[in-house]
Amino acid sequence: GWNGSAVRAGAFFGQYTLNGYWEAGLVGDDHMILMSVGGKLHCDDLVATGEYQFRVVAARSRVFNLYGGGGAFLGAELVDPLHQLPDYLILPVPSVSFQWGIYAKMVAELYLGRRVAVTASVSVPLTPGNKFRVLGYTVGIGLKLIL
């Protein structure tokens, strides 16, 4: 996925239901914040997430599906995890902080075979506890393998 400043990756376990599917997994989110003194502050988020997607539109053969839904996440945010800032610079936030929030998401999937699909998604996370980024976006493409 792409969140506007860096790459986001995740791994999920899920199950289809009659009208949609649910997923639970882990997401690693890397992002940059522009600093007022110049340069960028590097942040990493590692969160556990759970979501439900309701099928909005589907082809009769179910080769193409469009889902809408949302979920919740919680985990940790690491500020300057690679220690690139000089030691004399003191940030007004802790280097590790609790991260939580909710998000709305739309997902389109196109099946290439019986157990392989290409997915495209857009989500808008709301993160009330984050000092840097309360509202963001993520667009993504992925490969869904059904085992």
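Predicted model: local features only at pLDDT ≥ 70, side-chain atom pairs only at ≥ 80, totals over all residues.
1. Residues are numbered from 1 along each chain as its sequence is written, and side-chain values use heavy atoms, with hydrogens and water left out.

2. Lys105 sits in strand β5, residues 96–111 (strands, E, of at least two residues, are DSSP runs numbered from the N terminus). Lys105 counts as buried, at 15% relative accessibility (buried means under 20% relative accessible area, exposed over 50%, partly exposed in between, with a 1.4 Å probe and protein chains only). Its side chain makes a polar contact with that of Glu51, at 3.3 Å (a pair of N or O atoms within 3.5 Å; within protein, one must be able to donate a hydrogen and the other to accept it, and residues adjacent in sequence count only if both atoms are side-chain atoms).

3. Thr49 belongs to strand β3, residues 40–58, and is buried, with a relative accessible area of 10%. The side chain of Thr49 has a polar contact with the side chain of Tyr103 at 2.9 Å, and one of its polar atoms lies 3.3 Å from the backbone oxygen of Ala72.

4. Leu26, in strand β2 (residues 20–34), is exposed, at 52% relative accessibility. Beyond four places in sequence, Leu26 is in contact (heavy atoms within 4.5 Å) with Ala9, Gly10, Ala11, Val47 and Ala48.

Notes
Helix = DSSP H or I, 4+ residues; strand = E, 2+ residues; numbered from the N terminus.
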